[in-house]
There are 2 protein chains.
Amino acid sequence: MQTPEGHTTTLFAEEALQLDGGASLSPVEVGYTTYGALNADASNAVFICHALTGDQFVASNHPITGKSGWWVRTVGPGKLIDTDKYFVVCSNVLGSCLGTTGPRSVNPATGKPWGLEFPVITIRDMVRVQAALLDRLGVEKLFMVIGGSMGGMQVLEWLTTYPERLHSAVAIATAARHTAQNIAFHEVGRQAVMADPNWKEGQYYGAAPNPDKGLAVARMTAHITYLSEDALTKKFGRNLQARDTVSFGFDADFQVESYLRHQGSTFVDRFDANSYLYITRAMDYLDISSRYSGRLADAFKAAAHVRCCIISFSSDWLYPTIENKTVAHAMNAAGVPVSFAEIESPHGHDAFLLESPEMDAMIGGFVGAAAKALGTSEATS
Amino acid sequence: MQTPEGHTTTLFAEEALQLDGGASLSPVEVGYTTYGALNADASNAVFICHALTGDQFVASNHPITGKSGWWVRTVGPGKLIDTDKYFVVCSNVLGSCLGTTGPRSVNPATGKPWGLEFPVITIRDMVRVQAALLDRLGVEKLFMVIGGSMGGMQVLEWLTTYPERLHSAVAIATAARHTAQNIAFHEVGRQAVMADPNWKEGQYYGAAPNPDKGLAVARMTAHITYLSEDALTKKFGRNLQARDTVSFGFDADFQVESYLRHQGSTFVDRFDANSYLYITRAMDYLDISSRYSGRLADAFKAAAHVRCCIISFSSDWLYPTIENKTVAHAMNAAGVPVSFAEIESPHGHDAFLLESPEMDAMIGGFVGAAAKALGTSEATS
C-alpha cells in the first residue's frame with residue numbers, strides 16, 4: 001500500500017493527447033494510486049474508474065477530507081478486489097482537480113490557469129489518458145476494468161476503444177448515453193455555478209473567492225438524484241433537525257434540508273467548480289451508439305473476447321435498470337459474454353457505493369470465473 | 001367575462017388574519033378574477049385554487065406575459081367548468097406577487113416592502129384568505145372547489161377547515177404532505193435564490209437588481225420535476241438546438257438545455273423571488289395528518305357530506321399516485337364519498353395542465369353528478 005498522497009506522472013509530453021473535440025493537450029499530469037504489486041507477466045492489473053466527483057483514493061484516506069477511500073469496502077488485502085492478488089490502479093480523471101490536468105491546471109501557453117480555455121473533453125478522452133498511464137506502468141492488458149456511474153461509462157469506452165487490452169470488464173449503475181433528464185439535471189448544476197458572480201467566467205483562480213455557493217447548489221441538486229425517493233423517506237422523512245416544531249422561518253427545519261446543505265458545503269472544499277462543469281459536460285456528451293450509426297451493438301463487436309458484467313439497482317432512477325439492460329442487450333447482440341443482474345435495493349443510485357451482499361456476490365463470482373478463464377491462479381503477485 | 005386585469009379587494013382590515021405560525025396580518029390585499037355570474041341563491045360558485053407559480057388569470061390573458069389563462073382549456077363558456085352556468089372565482093394566493101399581499105408588499109408598520117419580515121405562511125393560511133374573499137363576494141357555500149398540485153393541497157385544506165362551506169371538491173395531482181424528496185427539491189431552489197448576491201437577505205426591492213439568476217436556477221430545477229423522464233425523452237431526447245454537432249463548449253447544445261434556460265429566464269419576469277421562498281416553504285410545511293395525531297382520515301371526518309374526486313397521473317413522480325391514493329383512502333375511511341382515478345399519461349406532473357380526455361371525462365362526469373345531487377339544474381345563472 002502506498003502513501004495516501006498517491007503518485008503523479010506526466011504523460012503526453014512528447015506526443016500531445018488528441019481529444020475528441022479536435023483540440024490537443026500536452027502535457028497531461030495524472031494523479032493516481034496503486035495498490036498491490038504487478039505480477040511477473042503483468043496479468044493481474046485491475047483498473048478502477050471513478051465517478052463524477054470521485055478520485056483516485058479508492059482505498060486510502062482522502063488527502064483533503066481525511067475520510068476513508070471511497071471503495072475501501074471493496075478494495076484491499078483479502079477484500080473483494082484483493083490487493084494481495086491484484087495490482088489495482090486508479091487515476092483521477094482528465095478534467096478533474098486532484099492531481100490530473102484540468103481547468104485549474106496551468107495552461108503552458110499562457111502560464112495561467114486554463115479556466116474556460118481548457119478544452120471540452122469526453123469520457124473517451126478520460127480513457128485515453130488511463131490507457132497511457134497503464135503504458136507507463138508497464139500494463140499492456142488489464143485483467144479487469146471496473147467502475148460505477150461515470151466509472152461505468154469509462155468501462156464502456158474502454159470496451160469500444162481498447163478492447164484488445166481487456167480480459168474482463170464490470171460496469172455498475174451506468175449508461176451508454178445521457179438521457180434528456182440526465183442532461184437537464186447537469187445543466188441546472190452548471191447554471192447554478194455560472195450564476196455565482198464569483199465564478200467570473202471561470203477565471204476565479206488565485207486570490208479571488210471561489211464560486212462556492214453556486215457549486216454547493218449544483219451538488220445539492222445532484223445529490224437528490226443519487227438517492228431514491230424511498231431512501232430519502234426512510235433516511236429523513238419529515239423529521240425535524242434539532243427542534244420539536246417547525247420554525248416558521250427559512251432555517252433548515254427538516255433533516256433533509258440540513259443534510260443537503262451539509263453535502264453542498266463540504267463538497268466545495270474538495271472540488272473545483274470548473275472541473276464540475278467539464279466533467280458533467282463530458283457525461284452529457286456521452287452517446288456511444290451515435291458513433292455507430294445508432295447501433296450500440298456495433299460498439300462492442302471488437303470486444304467479443306472480453307468477459308463482461310453489468311449490474312443495475314432497482315431503485316436507481318439516475319441510471320435506471322433499463323439503461324444498463326440496453327447495454328447488456330447490445331453486448332449480447334455483439335457476441336460479448338455478458339452477465340447482467342438487477343439488484344434489489346432501496347438506496348437509489350448511491351447503492352453502488354454501499355454495502356450490498358448481492359453485488360459483492362455477483363462481482364466475487366465474476367472475478368473468480370474471469371481468473372479461472374485466464375488460466376491463472378488468482379494469486380500471482 | 002371581466003377585464004384581464006382582474007380585481008383587487010382589501011380583507012382583514014378590521015380583524016387581522018391569524019396565521020398558523022402565530023403572527024397576524026392586517027390588512028390583506030387580494031387579487032382575484034371572476035367569470036360568469038352568481039345565481040340568485042348563490043349556489044353556483046366554483047373556486048379554483050392555483051398552483052405554486054400560478055395565478056388568478058385562469059381564463060384571461062396574463063397581465064405581464066400576455067399569454068392565455070393557464071386553464072382556459074377547462075374554464076369558459078360551454079367548457080368543462082362552464083362559466084355560462086357557474087360563477088367561477090380564483091384568487092392569487094397569500095404570499096404570491098400578483099395582487100395579493102406577499103413579501104413584496106409594503107409592511108404597514110415600516111412603510112417598506114416586507115422582504116423576509118413577512119410572516120411564514122401555510123397552505124391553510126392561503127385558504128383562510130380565500131374563504132374571506134368568498135364572504136366578501138357573498139358566497140357562503142361553494143358548489144365546488146377545485147385545484148391541481150398546490151391547488152389540490154388547498155382543496156384538501158378547504159375540506160379540513162371549511163367543510164361546511166363545500167358541496168364538492170376536486171383535487172388533482174396532489175398530496176396531503178410534502179415528502180423528503182419534495183422538500184429536498186424545494187430546498188435546492190431556495191438555496192439557489194439565497195445564493196444570489198442580489199437577493200440581499202430578501203431586501204432587493206427598489207432600484208437594486210433582482211436575484212434573477214438564482215430564481216432562474218430554482219425554476220429550472222423545479223421544472224425537471226414537472227416532467228416525466230419519458231416526457232423529456234419524447235420531447236427532447238438528445239436533440240441538438242440549432243446545430244448539427246455538439247459545440248464542445250458550454251452553450252445550450254441540447255434542446256433540453258435551451259428549454260430549461262428559457263423556462264428560467266422567462267419565469268423571473270413574472271415572479272418574485274421572495275414569493276417563491278414563501279410559497280415553497282408553505283408547501284414543505286404541509287402535513288395535514290400531523291394535526292390529527294397522524295390519522296389523515298380524521299382530517300376529513302367533518303367533510304363526510306362533501307362529494308370528492310381525486311385524480312392522479314401515472315407518470316407524475318412529484319406527487320405520485322400513491323400520495324393521491326393515500327388521500328382517497330383516508331377519505332374513504334372517513335366516510336367521504338370519493339371517486340379516485342389514476343389517469344395513464346406520459347406527461348408527468350404537468351399532465352394536469354394539459355389536454356387529457358380522460359381527466360375531462362372524469363371531471364365532467366363528477367360535475368354533472370354533483371349538480372344533480374345538489375338538486376338544481378346546472379344552468380342557473
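This is a predicted model: local features need pLDDT of at least 70, side-chain atom pairs count only at pLDDT 80 or more; totals for chains, interfaces and linings use all residues.
Helices here are DSSP runs of at least four residues, numbered from the N terminus.

**View 1. Glu257 of chain A sits in a helix.** A:E257 belongs to helix α6 of chain A. Is A:E257 buried or exposed? A residue counts as buried once 20 or more other C-beta atoms lie within 10 Å of its own. A:E257 has 25 other C-beta atoms within 10 Å, so A:E257 is buried. Leaving aside residues up to four places away in sequence, A:E257 touches A:A252, and it also touches B:I183 and B:E187 of chain B. For a sense of distance, the C-alpha atoms of A:E257 and A:G95 are separated by 30 Å, and these two residues are 162 apart along the chain.

**View 2. Chain A meets chain B.** Here, 41 residues of chain A are in contact with 41 residues of chain B. On the chain A side, the elements giving two or more residues are α3 (180-195), α4 (212-226), α5 (229-235), α6 (255-270) and α7 (273-285). Which of them gives the most? That is α3(A), with 11 residues. The residues on this side of chain A divide into 22 nonpolar, nine polar and 10 charged.

**View 3. Val367 of chain A and a partner from elsewhere in the sequence.** A:V367 is part of helix α10 of chain A, which covers residues 357-374. A:V367 counts as buried because it has 23 C-beta neighbours inside 10 Å. Now find A:F143: A:V367 and A:F143 are 224 residues apart along the chain, and their C-alpha atoms are separated by 9.3 Å.

Methods:
Residues are numbered from 1 along each chain as its sequence is written. Chains are lettered from A and ligands numbered from 1 in the order in which they are written. Two residues are in contact if their C-beta atoms, placed from the backbone, lie within 7 Å. Ala, Val, Leu, Ile, Met, Phe, Trp, Tyr, Cys and Pro count as nonpolar, Asp, Glu, Lys and Arg as charged, and the others, Gly among them, as polar. A residue is buried if 20 or more other C-beta atoms lie within 10 Å of its own, exposed if 12 or fewer, and partly exposed in between; C-beta atoms are placed from the backbone.
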